[in-house]
Amino acid sequence: MFYLEQMISNILVKRFIFVLLFSFTLFVTCQQLSQAMESSNDPLFENNDNGSSPQEVNTQGNFDNESLTENIPAASPVLTEEEKKALKQKEKEEKKRLKKLEKEEKKRKEEEEKKKKEQEKLEKKQNLSSSVNNSADKKPGTERVYIIHRILPAIWWNINPSEKVTKLEINISEQKLYVYQGGRLAAISPICSGTKDHPTPLGRFNVINKEILHRSNKYGCFVDSKGKIIYANATVGMIPPAGLHYEPADMPFFLRLTDDGVGLHGGYLPGYAASHGCVRLPKSFAQDLYPLVPLGTPVVVKD
């Protein structure tokens with residue numbers, strides 16, 4: 001009996017010792033696991049998948065951070081209200097400057113185009129003048145082109161100043177005068193003949209009288225105190241309105257064709273038939289032609 005109790009107590013002691021050792025072992029194991037877990041959370045003791053040292057991991061980490069920093073664009077600065085206003089003002093000024101440059105360029109092109117057209121017109125006139133000169137017999141004398149400030153044909157002049165005019169020919173439908181010297185066409189000029197109510201007579205005439213400062217004994221105008229023409233179709237015997245007076249029409253460099261007052265003289269040319277029967281010539285042309293036309297010169301008027 002005593003022996004049995006001794007065995008049981010030995011078994012219990014052994015079990016107690018075994019439990020104690022197991023508990024101690026378990027405790028130590030838990031401590032080691034806890035330390036291992038703490039060490040694994042520390043970035044200095046992390047290991048990468050390739051088994052690199054903590055220093056290598058840290059170096060690699062720094063490299064990655066630097067590369068990421070370089071690739072990320074810098075954030076745009078935040079502009080203040082004043083800076084925004086200044087930026088808008090600069091944009092407006094730049095747009096204005098560009099518009100101004102466009103306008104200047106457009107103006108420059110228009111001026112160049114205008115000069116080009118004027119040059120072309122001048123060349124055409126010169127070519128026309130040269131062609132007319134080539135078509136006529138050239139004799140010693142002066143060649144000139146008169147400028148009339150209206151839409152009228154140009155005057156062509158190739159008269160020999162030392163030779164008298166032998167014939168004048170008036171074409172009513174063309175509203176032109178042809179001047180001849182010895183059978184040679186010497187000049188062409190626009191004219192203004194009579195209207196339907198006061199037509200220029202057709203036929204063959206001769207210059208029967210010449211007068212440098214002739215005034216009409218039939219027609220004139222009403223003018224004011226300053227000499228301004230108020231009514232241009234007045235006739236002798238008409239009573240002028242208050243403040244106006246009658247003045248006979250000027251007919252400078254007059255070449256008379258008929259006894260009743262029809263002739264050639266300098267005057268206004270509107271570009272169509274508008275006279276009371278006389279044949280108006282450009283004043284400068286009439287002045288140059290006057291001394292070269294002797295009394296008795298034949299004049300042909302045709303339609």
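This is a predicted model: local features need pLDDT of at least 70, side-chain atom pairs count only at pLDDT 80 or more; totals for chains, interfaces and linings use all residues.
This tour moves through the structure one selection at a time and states what is found at each stop.

**Before starting**

Residues are numbered from 1 along each chain as its sequence is written, and side-chain values use heavy atoms, with hydrogens and water left out.

**The whole chain**

Begin with the entire chain in a cartoon view. It has 4 helices and 12 strands; helices (H or I, at least four residues) and strands (E, at least two) are DSSP runs, numbered from the N terminus. Of the 303 residues in the chain, 26% are buried, where buried means under 20% relative accessible area, exposed over 50%, and partly exposed in between (1.4 Å probe, protein chains only). Among contacts between residues at least 6 apart in sequence, 56% join residues at least 24 apart; a contact means heavy atoms within 4.5 Å.

His265 is found in strand β10 (residues 263-266). Its relative accessibility is 5%, so His265 counts as buried. Cys278 is found in the loop between β10 and β11 (279-281). With a relative accessible area of 9%, Cys278 is buried. Beyond residues up to four places away in sequence, Cys278 touches residues including Cys192, Thr200, Phe254, Gly261 and His265.

**Stop two: the largest pocket**

Show the pocket surface next. On a 1 Å grid over the protein atoms alone, a pocket is an open set of points with protein on both sides within 12 Å along at least five of seven lines, whereas a cavity is a set of points where a 1.4 Å probe fits but cannot get out; lining residues have an atom within 4 Å of a point. Rolling a probe the size of a water molecule over the atoms shows where empty space is left.

The largest pocket has a volume of about 970 Å³; grid points are joined across faces, edges and corners, and a volume is the space filled by probe spheres set on the points. The lining consists of 39 residues, and Tyr219, Ala232, Ala249, His276 and Arg280 lie nearest the centre. Which strand supplies the largest share of the lining? That strand is β7, with 9 residues. At least two lining residues come from each of β7 (209-223), β8 (229-235), β9 (245-256) and β10.

Colouring the lining by residue class gives 15 nonpolar, 15 polar and 9 charged residues. Here Ala, Val, Leu, Ile, Met, Phe, Trp, Tyr, Cys and Pro count as nonpolar, Asp, Glu, Lys and Arg as charged, and the others, Gly among them, as polar.

**Stop three: β10 and its partners**

Strands β9 and β10 run antiparallel and are joined by 2 bridges; two strands pair if DSSP finds at least two bridges between them. Across this pairing, Arg256 stands opposite Gly263. The two strands form a hairpin with 6 residues between them, and Gly261 in the turn has a positive phi of about 110 degrees.

On β11, the pairing with β10 is parallel and spans 3 bridges. There His265 stands opposite Arg280.

Select β12 (residues 298-302) with β3 (residues 167-171); the two run parallel and are joined by 4 bridges. Glu169 has Val300 in β12 as its bridge partner. Phe205 stands opposite Val299 in β12.

**Stop five: two further buried residues**

Select Val165, in the loop between β2 (155-157) and β3. At 3% relative accessibility, Val165 counts as buried. Val165 and Pro298 are 133 residues apart in sequence, yet their C-alpha atoms are 9.5 Å apart in space. Not counting residues up to four places away in sequence, Val165 touches residues including Val179, Leu289, Val293 and Thr297.

Finish at Ser189, found in strand β5 (residues 184-190). Is Ser189 buried or exposed? Its relative accessibility is 1%, so Ser189 counts as buried. Apart from neighbours within four places in sequence, Ser189 is in contact with Ile155, Gln175, Lys176, Leu177, Pro282 and Phe285.
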